[in-house]
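Here's a quick briefing to read alongside the sequence and the 3D view. Have a look at the picture, then work through the notes below.

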Amino acid sequence: MSQRTDPARLDRIVAEARRAAEQRELGYRERALKMYPWVCGRCGREFTRSNLRELTVHHRNHDHDDNPPDGSNWELLCVYCHDNEHSRHIDHVRGAAYEPAAQAPATGHPFGDLKAMLDARGKR
């Protein structure tokens, strides 16, 4: 007997999950903004109420559910530095699994005749 998926039920579940994530984010964001100065931890850009939406809370260990009360897993980053940090993390994770192909040894000798050229120059 197969069960049919109720689209309305799935929509409710997704909506509840999104609301929970937004509430969780608001909680740690508000705490971080009260705890730390409104300055990007990387580039040093300062923020005011008018542009505060461009200041994000970055989780140092990349675990958004790790929100200790002392804020030790957070740092405030501007949206540009935050994007850069996540790109670097993705590159690092991908690079950890990367094994470069074996390369053939170099056959050229760009400085092979250097001694002769220097000697010839010194005799001038």
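His 62 is partly exposed, because its relative accessibility comes to 22%. You'll find His 62 in the loop between strand 1 and strand 2. Keep in mind as you go that this is a predicted model.

**The loop residue**
- The phi angle of His 62 is near 65°, a positive value in a residue that isn't glycine.

**The nonpolar core**
- The largest nonpolar core is made up of 13 residues.
- Cys 40, Phe 47, Leu 55, Val 57 and Leu 76 are the ones with the most contacts inside this core.
- At least two residues of the core come from each of helix 1 (7-35), strand 1 (55-59) and strand 2 (74-78).
- Strand 2 gives the most, with four residues.
- Beyond its neighbours within four places in sequence, Val 57 is in contact with Tyr 28, Arg 29, Ala 32, Trp 74, Glu 75, Leu 76 and His 82.

**The cysteines**
- How many disulfides does the structure hold? The count is zero.
- The closest cysteine sulfur to that of Cys 40 belongs to Cys 43 and is 3.6 Å away, so the two are too far apart for a bond; a disulfide needs the sulfur atoms within 2.5 Å.
- Cys 43 is likewise in no disulfide, with the sulfur of Cys 40 as its nearest cysteine sulfur.
- Cys 40 counts as buried because its relative accessibility is 3%.
- Cys 43, at 47% relative accessibility, counts as partly exposed.

Technical notes: Residues numbered from 1 in each chain as written. Predicted model: local features only at pLDDT ≥ 70, side-chain atom pairs only at ≥ 80, totals over all residues. Heavy atoms only, no water. Buried < 20%, exposed > 50% of the residue type's maximum accessible area, 1.4 Å probe, protein only. Core = buried A, V, L, I, M, F, W, Y, C linked by side-chain atoms within 4.5 Å. Contact = heavy atoms within 4.5 Å.
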